[in-house]
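Please keep the picture in view while I talk.

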Amino acid sequence: HVQLVESGGGSVQAGGSLTLSCTVSGNSDYTDYVAWFRQAPGKKREGVAAIRQSAGTTGYADSVKGRFTVSQDNAKDTVYLQIDSLKPEDTAMYYCAAAGWVRAWLDQRDYIHWGQGTQVTVS
């Protein structure tokens with residue numbers, strides 16, 4: 001059984017920062033990779049950041065590199081997404097997802113466990 005729960009979203013002014021949290025529970029064999037995706041109204045879902053928990057290695061989409069940082073706190077079973085210099089185009093529902101193995105870190109098709117999302121609105 002794997003469960004992911006996102007939190008930390010909200011309404012933020014452009015230029016501000018926000019940190020999202022994803023608590024991960026369940027069999028660790030199925031949660032080595034944890035990724036963040038976002039989907040804005042009328043737009044395609046986009047993978048933005050991912051972490052391989054066993055190694056602590058990370059990857060980012062080019063569109064967010066330099067502003068987004070993914071990290072983990074294993075003691076809290078939590079993966080974080082720090083978003084700096086928020087822009088209106090960052091407005092979206094943000095989801096975390098987990099998998100034991102992936103072909104591509106930011107390909108949504110590779111992720112089998114998903115949270116229900118947390119809304120980020122930038123004005």
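**Strands, rings and charges**

Let me begin with strand β1 and strand β3 (residues 18-25), which pair in the antiparallel sense over 5 bridges, where pairing requires that DSSP finds at least two bridges between the two strands, and where strands (E, at least two residues) and helices (H or I, at least four residues) are DSSP runs numbered from the N terminus. Before I go on, please note that this is a predicted model, in which local features need pLDDT of at least 70 and side-chain atom pairs count only at pLDDT 80 or more, while totals for chains, interfaces and linings use all residues. Residues are numbered from 1 along each chain as its sequence is written, and side-chain values use heavy atoms, with hydrogens and water left out.

Within that pairing, glutamine 3 stands opposite serine 25 in β3. Strand β1 covers residues 3-7, and Leu4 and Glu6 make up its covered face, whereas Gln3, Val5 and Ser7 lie on the uncovered one.

Now to the aromatic side chains, of which the structure holds 4 pairs; rings of Phe, Tyr and Trp (its six-membered ring) pair if their centres lie within 6.5 Å, and planes under 30 degrees apart count as stacked, over 60 as edge-to-face and the rest as tilted. Phenylalanine 37 and tryptophan 114 form a tilted pair, because their ring centres are 4.9 Å apart and their planes are at 40°. This pair links distant parts of the chain, with phenylalanine 37 in strand β4 and tryptophan 114 in strand β10, 77 residues apart. Phenylalanine 37 counts as buried at 1% relative accessibility, while tryptophan 114, at 27%, counts as partly exposed; buried means under 20% relative accessible area, exposed over 50%, and partly exposed in between, with a 1.4 Å probe and protein chains only.

Tryptophan 114 also pairs edge-to-face with tyrosine 95, at 6.4 Å centre to centre and 75° between the planes. Since tyrosine 95 lies in strand β9 and tryptophan 114 in strand β10, this pair ties together parts that are 19 residues apart in sequence. Ring pairs link Phe37, Tyr95, Tyr111 and Trp114 into a cluster.

What about the charged side chains? If a salt bridge is taken as a side-chain nitrogen of Lys or Arg within 4 Å of a carboxyl oxygen of Asp or Glu, the count comes to 7. Aspartate 90, which is buried with a relative accessible area of 0%, forms a salt bridge with arginine 38, the closest N and O atoms being 2.9 Å apart, and another with arginine 67, where that distance is 2.8 Å. Arginine 38 is buried at 9%, and arginine 67 likewise counts as buried, at 12%.

How far from aspartate 110 is the nearest side chain of opposite charge? Aspartate 110 is buried yet has no salt bridge, and that nearest side chain, arginine 103, is 4.4 Å away, with Lys and Arg counted as positive, Asp and Glu as negative, and His and the chain ends not counted. The backbone nitrogen of arginine 103, however, lies 2.8 Å from a polar atom of the aspartate 110 side chain. Arginine 103 does meet the side chain of aspartate 107 in a salt bridge (2.6 Å, N to O); arginine 103 is exposed, at 54%, and aspartate 107 is buried, at 11%.

Technical notes:
A polar contact is a pair of N or O atoms within 3.5 Å; within protein, one must be able to donate a hydrogen and the other to accept it, and residues adjacent in sequence count only if both atoms are side-chain atoms.
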